[in-house]
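Have the structure open as you read.

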Amino acid sequence: MEENSNNNNSHTASSNHRALYKRTSIPRSQEELRERRMVFDQSLRKKHREQLITAKRFRQLTHREEKESAEDIDPYYRLTPEQVNALASDLKSDEKQVRMVAAQHLSKFILEPAQALIDYITQGDCMEALTHMMTGTEPDEQLQAVQTISNIAAGPHDLWIKSVSAVPYMIQYLDSDNINLQEAAAGALGNMAAEELGDMTTEDDEVRDTIRKNGTIPPLVRLLDSTDPRLVQTTCFALANLAARASESQLHAFMAAGITPRLLRHLKDKTPDTVTDICWVLSYMTAGSKEFRKEIMHQRIAPLLVENLRDLAQHGPVVLPIVRTLGNLCGGPDEYTKALLAQDGFLFTILLLTHSEHRAIKKEALWALSNITSCEDMDIVKSVVDANGIGYLADILEQHGGYDIRQGAAQCLLNIAYHSEKYMEILPHQRLLPAFVDLVQSQDAEIMKLGLQYIDLLLTRVPRGADVVQVTPNCMKALGSVTPMPDPELYVYANRLVDKFYGEATQELHG
């Protein structure tokens, strides 16, 4: 009788423990469920705001942003130390269902983790408990543990680095017969390999290198043989992150594993979501490997990329990785750029995208165009001029939007001008000079330099260029306002231009 009483007490205590953290997550009505869902979605959107630009799934914030975002976490996510202790106890329960429920709740609360939960994961035995679940014999428990660790990897920096200990297990599951386990493991590795945004450290590079050296690439590449779209997309997410900032030698493993023909096959399928994820892989690999760029052109993947560029140009940010990949290819030998220009609609679509309503697409298209206009082959530049590229760029430069967008347009115009005096002369200078003068006043050294270079070209390579300067309001005033900050060399450059305008000696000034 006493034993039954103890069992009942134990069961009651266990139930009470679970209630500590469960009652904050189980809605009591449909309205409450809807409200909770809205909070969850809002938090996801906040975390994912850089996803389309950076190819990340969850880990989007720099360390500084993580700290700032913690200030406005909804109370729904703020587990107390007592609740975290209850969850930790259940995660080590002898009952499978209790462990599963605890892991599910842990996975959810990681979205916006309270400090008590962060302390448990980073200082407690959380990873040991999840590893124990992951190495069990029950597929559903293994899957839940992998998914939870994946979300830990997608969390703040301290959680991410803690998750890396599970890399060997994730690699092992890539060869599983369970497609759900394969997909979850690939997603976890992708989160572990996610590139830091703006942090001046090499820690993420070292983690990616460690994951690659553990033999991750061959089994990941084999997963591209699947016909399951979700598995292919998640695999591409992992491969793209593992290729981020990789060197030529590091990317050789991708090619040796046979990634190119597999990517080519999926590009031919032309499924938009899959194409986007495939192109994130291509964008990182073409950025880091001359050998891969050569192989891409040799395998005639470029025409497929241009087809997809045309098809997705009006579909918003999904086109970003395609534009970036094509921009990388245009940064290679001029023959690559000429081959792309030979594809129907390529240049026209890039020019259209420079006027996209999406800022990120504008920047990417302008960057691709800057690579095109910096080619040495005069025929390439002529193609841009003949396609009214100067008109497109002038429109952008005249806008009062962000300096970064105008900087991209200014760079392209200068690239065109540097190719010949003929192109410099046909630029609409009376229209462009006020915009370049505005760049001189930006207080950003790189942007100011573009403005000064344009004025220099106008004074030295354009007949009656000084007349254009003279009739342009504030031009000389802008040159005279340049100070040694932010760059002393720009100060000297601006003074030289003043001397040149007034016909004085062009000796170097100091001061």
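A residue counts as buried when its relative accessible area is under 20%. Keep in mind that this is a predicted model. By that cut-off, α29 has these buried residues: H429, L432, L433, A435, F436, V437, L439 and V440.

The helix itself runs over residues 429-440, 12 residues in total. From first C-alpha to last, α29 reaches 16 Å, close to the 16 Å expected at 1.5 Å a residue.

What do the buried residues of α29 pack against? Their partners are α26 (389-398), α27 (403-419) and α28 (421-426), along with α30 (445-461), α31 (465-471) and α32 (475-480).

## α9 alongside α12

Next up is the pair formed by α9 (residues 139-153) and α12 (residues 179-192), whose axes sit 8 Å apart at an angle of about 20°. Since angles under 35 degrees count as roughly parallel, α9 is therefore roughly parallel to α12. Their crossing is left-handed.

Which residues make the contact? On the α9 side they are Q142, L143, V146, Q147, I149, S150 and A153. From α12 come N180, L181, A184, A185, G187, A188, N191 and M192. Sorted by class, the contact of α9 with α12 has nine nonpolar and six polar residues, with no charged ones.

## α16 across α18

How do the axes of α16 and α18 cross? Helix α16 (residues 248-256) and helix α18 (residues 272-288) cross at roughly 135°, and their axes come within 9 Å. An angle over 145 would count as roughly antiparallel, so this one makes α16 oblique to α18. The crossing of α16 and α18 is left-handed.

Here E248, L251, F254 and M255 of α16 meet Y284, M285 and G288 of α18. By class, that contact has five nonpolar residues, one polar and one charged.

## A look at S249

S249 also belongs to α16. Is S249 buried or exposed? Its relative accessible area is 58%, and because the cut-off for exposed is over 50%, S249 is exposed.

S249 and G288 are 39 residues apart along the chain, and their C-alpha atoms are separated by 9.4 Å. G288 is one of the α18 residues in the contact with α16.

Definitions and conventions. Residues are numbered from 1 along each chain as its sequence is written. This is a predicted model: local features need pLDDT of at least 70, side-chain atom pairs count only at pLDDT 80 or more; totals for chains, interfaces and linings use all residues. Side-chain values use heavy atoms; hydrogens and water are left out. Helices (H or I, at least four residues) and strands (E, at least two) are DSSP runs, numbered from the N terminus. The expected span of a helix is 1.5 Å times one less than its number of residues. Buried means under 20% relative accessible area, exposed over 50%, partly exposed in between (1.4 Å probe, protein chains only). Contact means heavy atoms within 4.5 Å. Axes are lines fitted to C-alpha atoms, for helices over the stretch in contact, and angles run from 0 to 180 degrees between N-to-C directions. Angles under 35 degrees count as roughly parallel, over 145 as roughly antiparallel, 65 to 115 as roughly perpendicular and the rest as oblique. A crossing is left-handed if the near helix is turned anticlockwise from the far one by less than a right angle, and right-handed if clockwise. Ala, Val, Leu, Ile, Met, Phe, Trp, Tyr, Cys and Pro count as nonpolar, Asp, Glu, Lys and Arg as charged, and the others, Gly among them, as polar.
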